[in-house]
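Me: I have a model open and would like to learn how to read it. Could you walk me through its features one at a time?

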Amino acid sequence: MNKLLSFFPSIGDCFNYYLCRCGAAEMEIIMITEAKREFIEFMMEAEVLRFGDFVTKSGRNTPYFVNTGNFRTGKQIALLGKFYAALVKEECGEEFDCMFGPAYKGIPLATSTAAALYNEYGIDKPYFFNRKEEKDHGEGGSLIGYKPKDGDRVIIIEDVITAGTAVRETMPILASAADVKVKDMFISVNRCEFGKNPEKTTVMEVMEDFGIKVHSIITVRDIYEYLKEQGSEYITRMEEYMSKYCVF
């Protein structure tokens, strides 16, 4: 992880593209950087990124699965926070007021990102998260941590986006708290899958429906390219899955 601090020298310079044929489908493949390769291996070592037979939240059978709930040590969550913080710093700098981590997986993600932003870049921003069940005693309410105010620029810290269900559940929570502005969301992996419209990814729909730009540390194309480098047995299944469900 010694290359982490140079993880995002320039988001625009991180990618080199070329076209290849995967069966009958034409796909755009990313030549991944060493830093992205390190993040993929970091997730695999933590058993966060696994390969096999899985079903996504949207009901699709998939050969790979990302579960950030499997990060379970102090070292892992600290490193994860650095990856997120590097992306936030590159995309937003200090041009936001607070971070929101949707329950449950977004809670440790927002917390570790807030800590890493301060430790790595001296950016001290508040964070908050929600309860699944509203508290009916003490101070009550469903939000914990920072209390958002009208006009606050909120960024959302999440794990992955598949069908966009979590975003659609999150926006009413934020809207009920204050008249906040949400323009950016940060995730570990962009699965690049289509949403309600088969011609648009869920990320595209989130931008159209809510005006939120989604930034990811890696995409499914990075994972696919990594598997190609390793000569993985899952290459063909990944190609079939991407051809069936992904939009590039």
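Me: Let me start with the largest pocket: how many residues of its lining are nonpolar, how many polar and how many charged?

Reply: Rolling a probe the size of a water molecule over the atoms shows where empty space is left. Here, the lining of the largest pocket divides into 12 nonpolar, 7 polar and 8 charged residues. Ala, Val, Leu, Ile, Met, Phe, Trp, Tyr, Cys and Pro count as nonpolar, Asp, Glu, Lys and Arg as charged, and the others, Gly among them, as polar. A pocket is an open set of points on a 1 Å grid over the protein atoms alone, where a 1.4 Å probe fits, with protein on both sides within 12 Å along at least five of seven lines; lining residues have an atom within 4 Å of a point.

Me: Before going on, what kind of model is this, and which cut-offs apply?

Reply: This is a predicted model, in which local features need pLDDT of at least 70 and side-chain atom pairs count only at pLDDT 80 or more, while totals for chains, interfaces and linings use all residues. Residues are numbered from 1 along each chain as its sequence is written, and side-chain values use heavy atoms, with hydrogens and water left out.

Me: What does pLDDT average over the protein chain, and where does it stay under 50?

Reply: Where pLDDT is low, the predicted coordinates should not be read in detail. pLDDT is the predictor's confidence in each residue, from 0 to 100. The protein chain averages 86, and 85% of the residues score at least 70. Residues 5–29 are where pLDDT stays under 50.

Me: Back to the largest pocket: which residues lie nearest its centre?

Reply: Lys57, Glu158, Asp159, Val160 and Ala166 do, out of 27 lining residues. Two or more lining residues come from each of strand 4 (61–66), strand 6 (127–135), strand 9 (160–161) and helix 4 (165–177). Helix 4 gives the largest share, 6 residues. Helices (H or I, at least four residues) and strands (E, at least two) are DSSP runs, numbered from the N terminus.

Me: How many salt bridges does a search of the whole structure find?

Reply: Side chains of opposite charge can pair when their charged atoms come close. The search finds 14, a salt bridge being a side-chain nitrogen of Lys or Arg within 4 Å of a carboxyl oxygen of Asp or Glu. One of them joins Glu229 to Arg37, with the closest N and O atoms 2.8 Å apart. Glu229 sits in helix 6 (residues 220–230) and Arg37 in helix 1 (residues 34–45), 192 residues apart.

Me: Is Arg37 buried or exposed?

Reply: Arg37 is buried, at a relative accessible area of 15%, whereas Glu229 is partly exposed at 38%. Buried means under 20% relative accessible area, exposed over 50%, and partly exposed in between (1.4 Å probe, protein chains only). Another salt bridge pairs Asp53 with Arg237 (2.5 Å, N to O). Asp53 belongs to strand 3 (residues 49–55) and Arg237 to helix 7 (residues 235–245), 184 residues apart. Asp53 counts as exposed, with 67% relative accessibility, while Arg237 is partly exposed at 31%.

Me: Let me finish with Leu109: which residues is it in contact with, leaving aside neighbours within four places in sequence?

Reply: Contact means heavy atoms within 4.5 Å. Leu109 is in contact with Thr68, Leu80, Tyr84, Ile157, Glu158 and Asp159. Leu109 is placed in helix 3 (residues 106–121) and counts as buried, at 2% relative accessibility.
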